[in-house]
Amino acid sequence: MKKLLTDYDKASLAAELAPLGAERYRAEQIYGWINRGTDFPEMSNVPKTLRGRLAEEYDAVGAAIIKEAVSRDGTVKFLFRLRDGSLIEGVLMKYKYGYTMCVSTQVGCRMGCAFCASGKDGLFRNLTAGEMLGEVICANSYLEKKDPGARVGNVVLMGSGEPLDNYENVTAFIRLLTEGQGVGQRGISLSTCGLTGNIRRLADDGFSVTLCISLHSPFDDKRVRVMPSGRSYKISDIIAAAKYYFEKSGRRIIFEYAMMRGFNISAADAKALAGLAKNFPCHVNLIPLNETGSALAGVNRREADGFLKMLAGLGVSATIRRSLGEDIEGACGQLKRKYTENNGG
Ligand code: SAH
């Protein structure tokens, strides 16, 4: 496999291309092109001979859109093909304040959550930083055509994969987003099932992205039934790591909580959850479970509102996440699954 140019930041790209005779300003031109998703033939201000030499050793584009599904609410789900043929998904959501892109960080996932479609076949491989950046670059190219002037302003690492199981590449991606796409850490959210060591590492490395932690139950014994990673990472340790991240970054922690009927929405659940969410700035994002074929059931409007009310009564800051793209297989892994089933993959 050729080296991928979007894996490099500006300085390392200049160092990488210097032996090919590319001066610094030339490397900067190329850096600009690759961040707009431009392939070698269209790099019009770069000499043809250099483009030819680059193409022998490098790829300029790490991800390509091979399918898109547009929802009635404007949400767009992309199916991307990576250079090795791997398929991943990304979702572009339109909010009042702008566009948010949900990116995948791994092909598959090894966390094995019972309700999630992305991890059903385990982990295939990590994405590189430049491949994750490729998802955002593709989304911006798409917007250039559909909504001129608009750009991805926020990025959430909530697609397939466990970002903290791919720490080096994910943190490199966060830096590239800021340098190459103008998306600062205030506009980035990272969602984890709670890998405590790497939550602390993220804090120690000085990151200030919004940390989202998938909780889904306030009780260890119940949580492990749907999240096998809970065997290694106890809730009390996750809360301690979350507090540590808050202290270092100053950022409020978000807990994600997929509501499941008969499983995690009782008064006892609300009480225990309120106990965990005490004494530090945090917010609970309630997500109506998107049913993906497991035995776990979602909730109706009344049940969701009921649980929210219980939490509010206990002084917990919580909201129900608006569900976008319900008509386009919006939940994790569903579009890819459908595509591979229809195409014999
Ligand atoms: N691995 C990371 C990020 C990917 S999933 C994590 O575990 O946080 C992003 C969020 O969607 C997580 O909170 C995850 O638990 C949730 N999720 C996965 N499948 C879901 C489903 N079918 N319905 C509702 N939420 C789901």
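Let me begin with a term: a residue is called buried when its relative accessible area is under 20%, exposed when it is over 50%, and partly exposed in between, using a 1.4 Å probe and protein chains only. The model above is predicted, so local features need a pLDDT of at least 70 and side-chain atom pairs count only at pLDDT 80 or more, while totals for chains, interfaces and linings use all residues. Residues are numbered from 1 along each chain as its sequence is written, and side-chain values use heavy atoms, with hydrogens and water left out.

With that in hand, cysteine 109 is buried, since its relative accessible area is 10%, and cysteine 193, at 6% relative accessibility, is buried as well. A disulfide is a pair of cysteine sulfur atoms within 2.5 Å, and by this rule the count is zero. For cysteine 109, the closest cysteine sulfur, in cysteine 116, is 6.6 Å away, which is too far for a bond. Cysteine 193 is in no disulfide either, its nearest cysteine sulfur being that of cysteine 113, at 5.5 Å.

After helix 6 comes glycine 206, whose phi is positive, near 85°.

How values were computed:
Helix = DSSP H or I, 4+ residues; strand = E, 2+ residues; numbered from the N terminus.
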